[in-house]
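I opened the file to look up a few things. My entries follow in the order in which I made them.

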Amino acid sequence: MMPPIKVGDSLDIILSNALSGKTLFKDRSALRSDYIPNNLPYRNDQITSIAQILSPILQNSKPSNLLLYGKTGSGKTAVAKYVLEKFQQATIKHDKQISLAYSNARLAGSEYRVLVDLGQSLNLKIPFTGLPLSEVLQRIFNHISQFNLKTIFVLDEIDFLGKHSYDDILYSLTRSNEHLGSGLLALIGISNDLNFKTFLDPRVLSSLDEEEVLFPPYTVEQLRDILSERVSLAFNKDTVRTSISNLCAALAGSEHGDARRAIDLLRVAGEVAEREAATTVEDRHVRIASQKIDQDRIFNAVKTLPLHEKVVLASVSLLPSISTTGQVFDKYQNLARGISLDPLTQRRVSALLSELDVQGLINANIINHGRHGRTKRITCLVPKDILDEIFSQNSQELHLLHS
Ligand SMILES: Nc1ncnc2c1ncn2[C@@H]1O[C@H](COP(=O)(O)OP(=O)(O)O)[C@@H](O)[C@H]1O
Ligand SMILES: [Mg+2]
């Protein structure tokens, strides 16, 4: 073991490294999640398919609607933005007019805000609140008709619009022809959730999914190549060895080949190394980065849970390490009443438990007792300190851990 670095020493090293230009990072922005590289290896097929499907717009006819889907970090957002950028360049060069719009449903947070984003991209101001959705849609369609706009609208993370409520706006957007006198609107939906299609109204699905492009997860070898390009963009020479970026690729590829996770690992490992005033990124920095990213992921997942789901999770965490649904439900009822919350039914709580299981926050195993039926065995997977921190941020929820 190396002796621990004293703060004063490491500060000196950081300052002198910075002054002498001996820093790890050459261009940090190349590791940001919204960075679009000039080159997207292993996505040529997807890029050409999308360009081909959209190309009729350059002849003023309506392209098919399109659905892009694949797991997180498979390059969907990067590819979609890359293709839009290329269309933009082509239309400027050939003096054509195309309106490009992009909205991320998760970041927008509601159907209304998605339409505000769309309006804004078309230079149409829509008040931030107050109008019925149908009115907003009508204004957008009128605007497109009036100015004869040829519009491509990319709706990213479309599955975040809430599992059932989105049918109306998607239905209208995908059937824009029926509402437009002139101009056109092609919709590109992007989903991280492979089951998304099963939640859609079949009428919406058939018009959204006229064409689809699948983004398979990257293999570890592909992640290695993607990372090695990023390393040379983001880091100074000789600060990140190939074995280090390969380790990031291997760790990120162990679940599904997720380029975002791979790049995050590289960035956080670089930051950890920098904080230690190291001049190269080492294995241990990557391991620390990996733990830190997992913790942050869990923290954010718990923090953004709806209140009842938080209460259910707190109930699981307060029970012995393996409990049944019935025990969780009893505890949940107590906690909910303790904070003056109307408890949900056992059926709903059971559904929330399944959601927590899908998110990896609890582990629920069904145990078969033969003739005696089945029970669920439930274990909390969220570390206690994370729960403490989150519940102590909210005085109402603080009650939970002390009841
Ligand atoms: N083929 C690729 N080459 C280089 N970088 C990529 C590639 N695919 C994805 N990335 C990068 O990986 C990260 C995640 O990609 P993203 O498009 O956001 O994934 P998704 O939208 O499928 O979740 C982004 O930083 C993106 O730039
Ligand atoms: Mg994305």
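**Confidence.** I began with pLDDT, the predictor's confidence in each residue, from 0 to 100. The protein averages 88, and 92% of the residues score at least 70. By element, the lowest mean pLDDT, 50, belongs to helix 18 (residues 395–402), and the highest, 97, to helix 2 (residues 44–54). Where pLDDT is low, predicted coordinates should not be read in detail.

**Conventions.** I noted that this is a predicted model, in which local features need pLDDT of at least 70 and side-chain atom pairs count only at pLDDT 80 or more, while totals for chains, interfaces and linings use all residues. Residues are numbered from 1 along each chain as its sequence is written, and chains are lettered from A and ligands numbered from 1 in the order in which they are written.

**Overall.** I looked up the secondary structure and found 18 helices and seven strands (DSSP runs numbered from the N terminus: helices are H or I of at least four residues, strands E of at least two). The C-alpha trace spans about 65 × 65 × 45 Å along its principal axes. Of the 403 residues, 34% are buried (20 or more other C-beta atoms within 10 Å of the residue's own, with C-beta atoms placed from the backbone). I also checked contacts (C-beta atoms within 7 Å): among those between residues at least 6 apart in sequence, 68% join residues at least 24 apart.

**Domains.** The bounds come from an automatic or database domain assignment. I have domain 1 at 44–214, domain 2 at 219–301 and domain 3 at 305–402. The C-alpha centres of domain 2 and domain 3 are 34 Å apart. Four residues of domain 2 contact four residues of domain 3. On the domain 2 side I count three nonpolar residues, one polar and no charged (nonpolar: Ala, Val, Leu, Ile, Met, Phe, Trp, Tyr, Cys and Pro; charged: Asp, Glu, Lys and Arg; polar: the others, Gly among them).

**Ligand 1.** Which residues come nearest to ligand 1? Of the 22 around it (C-beta atom within 6 Å), they are Gly75, Lys76, Thr77, Ala78 and Ala259. Helix 3 (76–93) and helix 12 (259–275) are the elements that give two or more residues to this shell. By class, the shell has 11 nonpolar, eight polar and three charged residues. Domain 1 and domain 2 each supply at least three of its residues.

**Helix 5.** Last, I looked at residues 111–121, where Val114, Leu115, Val116, Asp117 and Leu118 are the buried ones. Just after helix 5, Asn123 has a positive phi of about 60 degrees.

Technical notes: A residue is buried if 20 or more other C-beta atoms lie within 10 Å of its own, exposed if 12 or fewer, and partly exposed in between; C-beta atoms are placed from the backbone. Two residues are in contact if their C-beta atoms, placed from the backbone, lie within 7 Å.
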